[in-house]
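Dear colleague,

I am passing on a structure for you to look at, and my notes on its inner spaces and its backbone follow below. Please keep it open while you read.

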Amino acid sequence: MKRATLIGAALGALLAGVAGASAKTLVYCSEGSPESFSPALGTAGTTFDATQPVYDQLVEFKRGTTETGPGLAESWDVSADGKTIVFHLRKGVKFHAAGGFTPTRDFNADDVIFSFDRQMNPKNPYHSVSNGKFSYFNDMDMPKLIASVAKVDDYTVKFTLNEPNAPIIANLAMPFASIYSAEYADWLAKKGQQAQIDQTPVGTGPFYFVNYQKDAVIRYKKNELRNFGEKAMVDDLVFAITPDAAARFSKMKAGECQVNGYPLPADLPAIKADPKFKVVSASGLNIAYWSFNVTKPPMDNLKVREALSMAIDRDAIIKEVYGGNAIPAPTLIPPTMWSYDASIKPVAYDPAKAKALLAESGVKTPLAIELWYMPVTRPYNPNGKRIGEMMQADLAKVGVTATLKTFEWGEYLKRAKAGEDQSSQLGWTGDNGDPDNFFFLLGCPGGKPADNNISKWCDPTFNSLLEKARTLPDQAARAKLYQQMQVIEAAQQPSFLIAHSVVSEVTAANVTGYKMIPFGEHQFAGVDLK
């Protein structure tokens, strides 16, 4: 307790020092630490939040919407067959200076080429730096899709695709497609410090990176040279890393942070009643689920998966943990998304049938399993530990003893992706408003489970439909394929689907211009303090 108090006091003093150093300092109480400062390598929301201030993409989502618009590319042309996209780049865009590096040129086509070649070309000298897997790039089958990214001239880049791809423009607005500085990469290589590209980020975004105190504070400053898009309105941006939801609420009440993206549902009535705060809520583009690793017995047995799903009282979880601010999930995609199949119903709570299925499955009870629970608050999962405890109690009623286990968030993700879990809580907030961005979570590019496919479940029919849907320009035709995929998923149950949540975020009353991002990220360009 004493150590925690000392850390809290030191953090408070640090934040107070930062706030006192500038006329306008915005502090965001974030829920966890980033995996790194490289959006191309990351998969966690904490990483994307931490890199959003620094980087831009060729295409940007208009803040607060799923609509795409110009980013580092002023415009683009798509060929009639959908297989060639020519991007026309902005001129006069400046990269940040950081870590002793000072750019000598503006952003140009070389930076685009480097950023994509690093991910798609194993011979690129930065491809293996930081032991990166480029999960998004690979899981979305980009290596198979993109034939080449070529420089036409300093401000024109041509993407050649092997086949037309309906979600490609929206995909290029996602964080994994952020543009890095090729000049910075060369500078680091000459110093033998290549790994710094993923730890000391250099981009063109509205803020530049100052420093990171691990698991405590990230600091950024306004990019005064930004000449396009939304700009920083405050001088300093601080991420106060605060995993505990109650502690975030306490900091909000004390005025130590102005934005909290993950309030506890139980705290919302008190927050809404307090004039010092503003609350914004919206139906989340998300899904929470309990994933079964089908490579590990008995999760390879469909009847066991069905039994475990039927043993869970989903309604009780939604009432207690979500405060009623969620709906039961019958499919991966929420009902607000096109191609949703309303005919599929959530797995019903039925302990008696769960016991019968376990008996039919051939496993002996009491059955011992391991259940990993999420260590951080996410929009789709307000309290992983409590959900784990409720699942544990439900499972005990049908003869299943679940041992709860967790890790630090970055380690949790790393181990789950590696298939170390037997079963684990996870979830997803959509990145681009396209159903593909949910169904790729169960994809198997090249016949192998994608990095984000935590269940390691591969169904050839499901995967072929996933790949075909990407090539079709007609939304109605794509929707029919996604509906077929929902039927397959419901029949095979690689995961127990928990809920689609209502997302709420809190700001101080004097915060202006803040917008909720449909994809669950937190962006601070255009945000000001009265």
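Which residues lie nearest the centre of the largest cavity? Before the answer, please note that this is a predicted model, in which local features need pLDDT of at least 70 and side-chain atom pairs count only at pLDDT 80 or more, while totals for chains, interfaces and linings use all residues. Residues are numbered from 1 along each chain as its sequence is written, and side-chain values use heavy atoms, with hydrogens and water left out.

The largest cavity is lined by 22 residues, and those nearest its centre are Thr43, Ala44, Gly45, Tyr380 and Trp428. Here a cavity is a set of points, on a 1 Å grid over the protein atoms alone, where a 1.4 Å probe fits but cannot get out, and lining residues have an atom within 4 Å of a point. The space in this largest cavity comes to about 260 Å³, where a volume is the space filled by probe spheres set on the points, and grid points are joined across faces, edges and corners. Helix H2 (45–51), helix H14 (409–417) and strand S17 (423–429) each supply at least two residues of its lining, and S17 gives the most, with four. Helices (H or I, at least four residues) and strands (E, at least two) are DSSP runs, numbered from the N terminus. By class, this lining has twelve nonpolar, six polar and four charged residues, where Ala, Val, Leu, Ile, Met, Phe, Trp, Tyr, Cys and Pro count as nonpolar, Asp, Glu, Lys and Arg as charged, and the others, Gly among them, as polar.

Turning to the backbone, most residues other than glycine have a negative phi, and most peptide bonds are trans. The peptide bond from Pro297 to Pro298 is cis, with omega near 0°, and a cis peptide bond also joins Thr365 and Pro366, with omega about 5°. Ser339, although not a glycine, has a positive phi of about 85°, and this residue is found in the loop between strand S14 (326–328) and H12. Ser339 is buried, with a relative accessible area of 7% (buried means under 20%, exposed over 50%, and partly exposed in between, with a 1.4 Å probe and protein chains only).

With best wishes

How values were computed: 1 Å grid on protein atoms, 1.4 Å probe; cavity = no way out; pocket = protein on both sides within 12 Å on 5 of 7 lines; lining within 4 Å.
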